[in-house]
Structure formats: C-alpha cells, structure tokens
Amino acid sequence: MDDLIIYHLENSQQFWAELEDILVRGELNKEAAKASLDVYVGFLTKFQDEYFETESELATCCYKLLDSHMYEEYSETILERLIDRAARREDLPELWVTYHMLLLAGKENLKIFKLMISRKKHELFGKLIQHIWELEGNKVQRISIKLLFEICCIQKLSECDLCMIDEPLINYLLDLVEKTRDEQDETYNYSIIKLLLSFNEQFMLANKSQLKNQSGTGVENDDNYITNSVLNVLGARIGSSKTFGENVIFMLNRCVEPHIQMLTLKLLFQIFTSPETFEYFYTNDLMVLVDVFIRELYNLPEESEAIRHTYLRVLHPLLKNTQLCRLRYKQHQIYSLLVDFTGANSKHFKPVSSTTQRLAERCLQVEYLNSIVRSDEAKVIAVTSMENVVDTRSNTKQLFSTLLGK
C-alpha cells in the first residue's frame, strides 16, 4: 500500500503534518492501524535523507508513533507487524527505521525485547548477527548491535542462538573495537563492548543451567559444558586487544548503570578465575582497577548490596591470581577497607551483613595481604602481653597491700 502513494513535499512542515495524518487514519481499527504503520514506515524510509538523517531526528519520528493514540489502542497489532517487517524485509534504509522503532519500543516496555525472538525467532536473531557481520560502516550495523544487546540482556538465549555467537564473530567484534578506538563518537565503540559483555553473561547463564540440571541427576558430564567463546578468544588474544581491556575498565570506572556494572564485573570474574586469562590485563590497567574497586566499595549506597558482594567476589581472584600479587599495590588501603567490611571498624559503615563479612574475610586470607595480617596479629599479641603484665603487676601490688594490712 505504501509503495503506491506518491508524495510531493515542499518543506518540513508538510513532512510533519503528513506524519500526523497517517497516524490519525490508523485509529479506526486494527486493519487500519496495520495499514497506517506500513505507510508510516514507508514514508520515513522514503524521506529519511531529505528531512532527517541523525538517530536523534529519527527517534523523534519513532516517539511520535509510540506516543500516538493509534499505538495506545493497537500496540500489540502494531508490534506484531513491526517484528514481522523486521524479519522479512531486506531494504537497509527501511530496516534502519524499523530497528529503531523496535529498540525504542523495547526500552519503553522490556517485554517487547522478549517478543522479538519469541516470534520469527531465528529469522530476526540470525538476521541481526548477519547485519553485524556483513555491514561494517553501515548505520544498520550500529543499530543491529544496540538491538541485539538489549535482546541479550532481557532474554536467556537457546543453545541454537548461542551457536551463532562463535569465535569468528567474537574475533571480528574485538577487531572492530580496536578499529574504532579513535572515533570521536565513542558510543559506537562502547556499544560493541557492551554486546560482548552480554554475550559473556549468556554463556554463564547457559552453563549455570547445565550445572543445575546435572545436580538434579547426580551425573556430571563435561560434554554438556558450553564453551564460552568470549573467554576463549580473549585468552588467545592476550596482548592484541589492548583497547578492549582499557575500555572495559574505563566503562566500570565511570558507569552509573547497575546493570552494566554487573555485566562488567561478571566478565572480570571470568577472566580472573580462568588460568588462560589471569594476566589478560596490563599491570597499569589492573592498578586503575584496584583504585576503582576501593572507591566503589567505599561509596556504594546501602541498597547496592548485590553489587557490593559482586565487587568483593571479583576482588579475591584479582588479588590472588593476577600479576598484582607480586606488586602489593595499595596493600594497606585494601586491608583497611576489608577490615571495615568485617565489622571490626565502623568508621565508614553501618553494621554489615553476614555475606559481606564472609566475602571480606575471604579476601583477607589471600597472600597479597599476608604481611599486613601477620603484622597486625603480632601487634595484637604484643598488646595482649603488655596488658597481662600490667594486670600481673597490679594484682601483685594489691596482694602486698593486703598482707601489710593496708
């Protein structure tokens, strides 16, 4: 239907007025809403180079649809139609429009991201992977990366989906991170990194499910273990993915989104607990990471208990397994922080939970802190001995006084 309409627009006012008219015509019923959606997408596709070119300008057009009375009345019908178009259509300018609509709709309602792979599942998921592989430099690749990230964050993938996230794809994305390191707009570089973080979490979820299933049967089977492609590739690229390592730490350093913090910490935990990647990061980067950990553990609010626990879980292998164990960087600050978390010192914190205490005590046991722990233990013994001497002298003096009748 949209292909049969011929438009003659003279200015941007006519463009915006026509958008309004299209949405009003779709308010009649479901069929009218589907037809108007087709016209709306076709209209935006046709005039995107003339009346809007940037993502922010396209977002304005998309929100006009999402805020319309037509969408309010027939959102389910419209979403089904959008997902169907995204799965079937191949025209890249149109997909740039459709993917943005789905991305913004999903951010308004996270359930929509689940809907995207529950309907036309393999077509759309595989199609996004294909766009990422084949459309380097095209704006459709960029929106595909963003859309796939959101889908991976909200929905556990099937084994079939995970098979598409193979080592060649991970290598390609890491190469892309290196290529885009000097781009003025750093959001593209970080969107690739966030996608890799979400892939890692998907592999962790898959293997957690496998372990849970095995514990139910009482039978362990390594053949069921799903190889984490992200970790495998990072282990093979030590020294050749410098930008990725630097920017992961940089993202954690300035991130305010709890979800991104958790994704980053999960990858760090994997890296620091896998022998192949113990020394993935450069030493200077690890020092920056320690600074971030100290700051965040002191500053996290009470309601961020889950993130605090994750920081402490990652801190243990960071101090134990990496090259930091040979440097003792900020040893005293770390020790002081952990002692506070055991509840021994309430200078910085309110009473801490038993889980926080347990995780802090575990960190205190690493060799990294042994010299300080031994020193403190020696001080405690010395103080106790002095107290005992004073008590003995006091008791002796009291005894003499008693004997002399004083």
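Reader: In which helix do Glu-246 and Lys-242 lie, and how many residues apart are they?

Author: Both lie in helix H13 (residues 242-254), four residues apart, which is about one turn of the helix. Helices here are DSSP runs of H or I with at least four residues, strands are E runs of at least two, and both are numbered from the N terminus. This is a predicted model, in which local features need pLDDT of at least 70 and side-chain atom pairs count only at pLDDT 80 or more, while totals for chains, interfaces and linings use all residues. Residues are numbered from 1 along each chain as its sequence is written, and side-chain values use heavy atoms, with hydrogens and water left out.

Reader: What makes the pair Glu-246 and Lys-242 a salt bridge?

Author: A salt bridge requires a side-chain nitrogen of Lys or Arg within 4 Å of a carboxyl oxygen of Asp or Glu. The N to O distance between Glu-246 and Lys-242 is 2.3 Å, so the pair meets the definition.

Reader: Why is Glu-246 called partly exposed?

Author: Buried means under 20% relative accessible area and exposed means over 50%, with partly exposed in between (1.4 Å probe, protein chains only). Glu-246 has 23% and is therefore partly exposed. Lys-242, with 36%, is partly exposed as well.

Reader: Which parts of the chain does the salt bridge of Asp-38 and Arg-81 link?

Author: The side chains of Asp-38 and Arg-81 meet at 2.5 Å, N to O. This pair links distant parts of the chain: Asp-38 is in helix H2 (residues 30-51) and Arg-81 in helix H4 (residues 69-88), 43 residues apart.

Reader: Why does Asp-38 count as buried?

Author: Its relative accessibility is 8%, so Asp-38 counts as buried. Arg-81, at 27%, counts as partly exposed.

Reader: Why does Thr-98 count as buried?

Author: Thr-98, in helix H5 (residues 92-108), has 0% relative accessibility and therefore counts as buried. Leaving aside residues up to four places away in sequence, Thr-98 touches Val-41, Leu-82 and Ala-86, where contact means heavy atoms within 4.5 Å.

Reader: How many helices and strands does the chain have, and what share of its residues count as buried?

Author: The chain has 19 helices and zero strands. Of its 406 residues, 47% count as buried.
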